[in-house]
Amino acid sequence: MYWRKLLLPASSVASTVLAQSSANCDNGPDGTGICFQTYSDPVYGATYSWVFPPTGDPTYQNEFIGQFVVPNNGKWAGVSLGTGMNQNLLVVAWPNNGVIVKSARQATNYVQPTPYPGPTITTLATTINGTHWKWTYRCQGCTSWTINGVNGVLDPTQYAVLGWAFSTTAVFTPSDSASNMNQHDDARLYGFDAPSAISNNYASYVNIGNPTSTRSTTATSRIASSTSTGTSRTTSITTTNTGTTTRTSSTSSSASPTISAKPYDYIVVGAGNTGLVVADRLSEAGKNVLLIERGGPSTWNTGGRLEVPPWLTGSPYTRFDVPGLFEAMFSSSNPWWWCNDISVFAGCLIGGGAAINGALFWYPPDSDFTTSNGWPSGWQTPNDAYQKLKTRLPSTEVPSPDGKLYLTQVYDVVSKLLTPRGFVAANINNNKDWKDHIFGRPAFSFVDGTRTGPMATYFQTAKARPNLTFWQWTYVTGLVRNGAQITGVRTNYTAYGGNGIVPLTTKGRLVLSAGVFGTARILFASGIGPTDMLQLVQNNAQYGPNLPPQSQWINLPVGNNVSDNPSINLVFTHPSVDSYDNWAPIYNNPRPADAAQYKASQSGVFAGTSPRLNYWEALGSPDGRTRYLQGTARPGAASITTVYPYNQSQIFTITVYLSQGITSRGRIGIDNTIYAKVLTNPWFQDPTDKTVLIQGINSLLSTMNQVPGLTLITPDNTTTITDYVNNYPPATMNSNHWTGSTRIGTSSSNSVVDANTKVWNTNNLFIVDAGIVPSQPMGNPHAMFMQVGEIAVPKILALAGGA
């Protein structure tokens with residue numbers, strides 16, 4: 001559950017027109033007779049009500065009575081007792097088998113809120129009927145709180161700004177008051193006239209429940225449970241069904257037992273593309289490993305049961321399992337899988353980017369690891385790692401299990417553009433070191449027509465081992481360190497050890513695999529990085545108190561040297577091309593025959609993602625450096641700009657990228673809310689990159705007249721290629737192939753980790769993810785990042801002094 005939309009800076013509240021609360025008495029057949037101050041949500045038709053005891057009443061302190069009235073399409077709802085989700089007490093509820101399950105929650109960032117110990121929530125009355133559910137409750141210990149060291153208060157004598165959240169998707173385990181849930185559909189702030197909610201009748205309202213009723217929910221929040229397939233975080237719950245319409249005094253205390261903190265040999269932060277490789281290989285070596293992921297399940301074999309397309313109801317395939325649904329990742333009304341505290345697309349779920357990308361799976365050429373591309377000695381010719389990767393996850397050019405190729409028209413047309421210029425068709429992964437004047441069909445990491453990646457390979461073997469513990473929905477806010485020694489990680493799982501700190505063993509090691517942006521942010525929050533970033537952390541009320549003293553700050557170029565492919569889309573039409581409805585109806589209303597074929601045998605169009613052809617070309621440049629251009633062709637188009645009419649059913653796109661050899665670099669960092677963002681765009685900082693890319697586009701288009709019926713519509717002939725590239729919006733130039741934020745190197749002056757991936761000036765901190773890659777790889781980096789994990793783990797294990 002992420003309440004990002006509730007975030008509103010305090011400075012803007014006064015100038016923002018907010019919906020207001022009003023007086024309302026709950027009368028009628030199922031009424032409680034309580035007169036509330038009520039806010040009515042105009043979007044979903046829910047109401048949220050409050051009443052407070054008289055000011056200074058010694059009997060009723062630090063409490064209120066509240067009420068939710070929610071339409072039945074609301075599978076859960078919640079309120080924030082302050083301006084936003086972060087560091088404010090949250091009350092969340094949902095119906096389950098005739099009772100209301102409820103809990104107090106806390107959040108220290110825009111991630112899954114966890115149970116908040118202390119408040120006692122008592123159900124006074126419940127109505128569940130054919131149109132709505134109504135829950136009236138007493139919340140004791142609820143008008144003041146302390147979350148992560150920050151004190152909060154709801155003062156009934158002062159006008160307040162509160163928040164609500166609403167979701168049409170049920171929580172994962174409805175019987176469990178500590179259940180995880182997906183991000184809400186919507187969440188907003190509203191003005192609340194708290195003084196008008198103070199009532200002299202409060203004492204009589206408290207006693208409307210039936211004093212003989214029993215406790216309806218008893219939570220033991222997030223207890224560790226060992227199984228034969230490793231250890232995971234689970235929750236137990238006991239419920240008593242009290243009927244459909246009830247008056248009860250069922251009480252649920254949010255107090256959670258403290259779980260003894262167990263130390264680990266290795267803690268791996270991030271269950272993404274590289275982190276899953278690292279965790280698997282470390283546990284294979286017999287190490288006691290904890291793998292922590294901030295998100296939750298993705299594919300069916302990771303435990304994902306949400307996001308099943310309506311045409312696959314009853315089948316074990318989610319949005320993340322079906323390759324052909326890739327384009328629908330960007331069109332959902334509730335895309336909870338994207339990290340919402342990072343300014344670019346990043347996957348916050350098991351598999352990370354590998355669970356949501358186009359899954360182009362290019363085995364990296366040896367040139368990706370040369371010293372001229374920034375890699376230190378010892379990383380060259382990584383043949384052993386390549387063979388391990390290829391054995392665990394072989395690529396395929398024919399993703400459909402029936403052995404057939406589908407939607408081949410784009411391949412046929414684009415190949416006619418390339419062959420007159422001397423390009424040769426080949427199986428690209430069978431010739432991984434040949435990347436000049438070659439084209440071929442895309443290589444994917446799919447098996448049997450489903451998304452496979454590290455989720456169905458490395459993750460499955462890792463979690464089957466008893467020495468691997470996996471936590472999901474757990475957010476790492478920083479490292480616990482004493483100078484150069486890392487002693488553990490700080491998490492939002494506050495029941496663990498009483499403070500959320502997970503310790504390492506005496507010789508334990510920590511591996512950050514949280515991605516380019518996530519790893520950098522954890523380092524900043526732990527006193528590692530440029531001074532300007534650490535000062536932002538120091539001045540943050542939530543993160544500052546946990547920052548090491550300034551004398552222990554480690555000044556490294558974290559966030560610098562960032563690279564991403566500059567990419568330009570060219571849109572064409574050709575009468576032979578099927579644009580596949582621009583992939584628009586694929587999730588809810590796909591072509592019936594294709595949907596039926598996939599459901600029956602996982603074959604057909606949906607067995608692959610949208611790309612249909614890839615090519616590479618080596619380009620010279622004025623600075624004497626060779627830069628490589630990659631092209632990816634697919635049916636459909638993200639956007640079209642033309643003054644001429646065109647046939648939308650015939651559109652296709654060629655995206656041209658510059659990859660290995662580019663010299664432009666940018667910078668990423670955080671703002672004062674610790675939101676991770678791009679500080680300096682990495683594209684075309686060196687104008688030579690732009691010159692070479694324009695050269696490559698013009699070369700591609702030079703043979704257009706040899707392909708009858710082919711028309712370029714974006715850009716059209718009202719602009720030049722140079723002007724098109726010069727005016728291309730930076731926001732759409734992002735290929736999302738970020739590297740370099742914690743780059744590997746031989747000196748702490750210009751790198752963050754050494755040749756063994758150990759962070760400079762630390763004893764036991766390692767980074768293994770895209771951030772250490774010092775320069776842009778040759779192709780889409782999915783396989784390259786996994787190979788980095790295969791190379792790094794043996795280096796880490798070989799170092800003396802570790803567990």
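How do the axes of helix α4 and helix α12 cross, and within what distance do they come? Before I answer, a word on the basis: this is a predicted model, in which local features need pLDDT of at least 70 and side-chain atom pairs count only at pLDDT 80 or more, while totals for chains, interfaces and linings use all residues. Residues are numbered from 1 along each chain as its sequence is written, and side-chain values use heavy atoms, with hydrogens and water left out.

So, to the helices, where helices are DSSP runs of H or I with at least four residues, and strands are E runs of at least two, numbered from the N terminus. The axes of α4, residues 383-392, and α12, residues 782-798, come within 9 Å and cross at roughly 120°, the axes being lines fitted to C-alpha atoms over the stretch in contact, with angles from 0 to 180 degrees between N-to-C directions. The pair is therefore oblique, given that angles under 35 degrees count as roughly parallel, over 145 as roughly antiparallel, 65 to 115 as roughly perpendicular and the rest as oblique.

As for contact, meaning heavy atoms within 4.5 Å, Ala385, Tyr386, Lys388 and Leu389 of α4 meet Ala783, Met786, Gln787, Glu790, Ile791 and Pro794 of α12. Sorted by class, that contact has 7 nonpolar, 1 polar and 2 charged residues, where Ala, Val, Leu, Ile, Met, Phe, Trp, Tyr, Cys and Pro are nonpolar, Asp, Glu, Lys and Arg are charged, and the others, Gly among them, are polar.

Finally, the loop between β19 (289-292) and α4 holds Gln380, which counts as partly exposed because its relative accessibility is 27%. Leaving out residues up to four places away in sequence, Gln380 touches Phe369, Thr370, Thr371 and Trp375, and its C-alpha atom is separated by 5.4 Å from that of Phe369, 11 residues apart along the chain. Trp300 also lies in the loop between β19 and α4, and is partly exposed at 28%.

Definitions and conventions
Buried means under 20% relative accessible area, exposed over 50%, partly exposed in between (1.4 Å probe, protein chains only).
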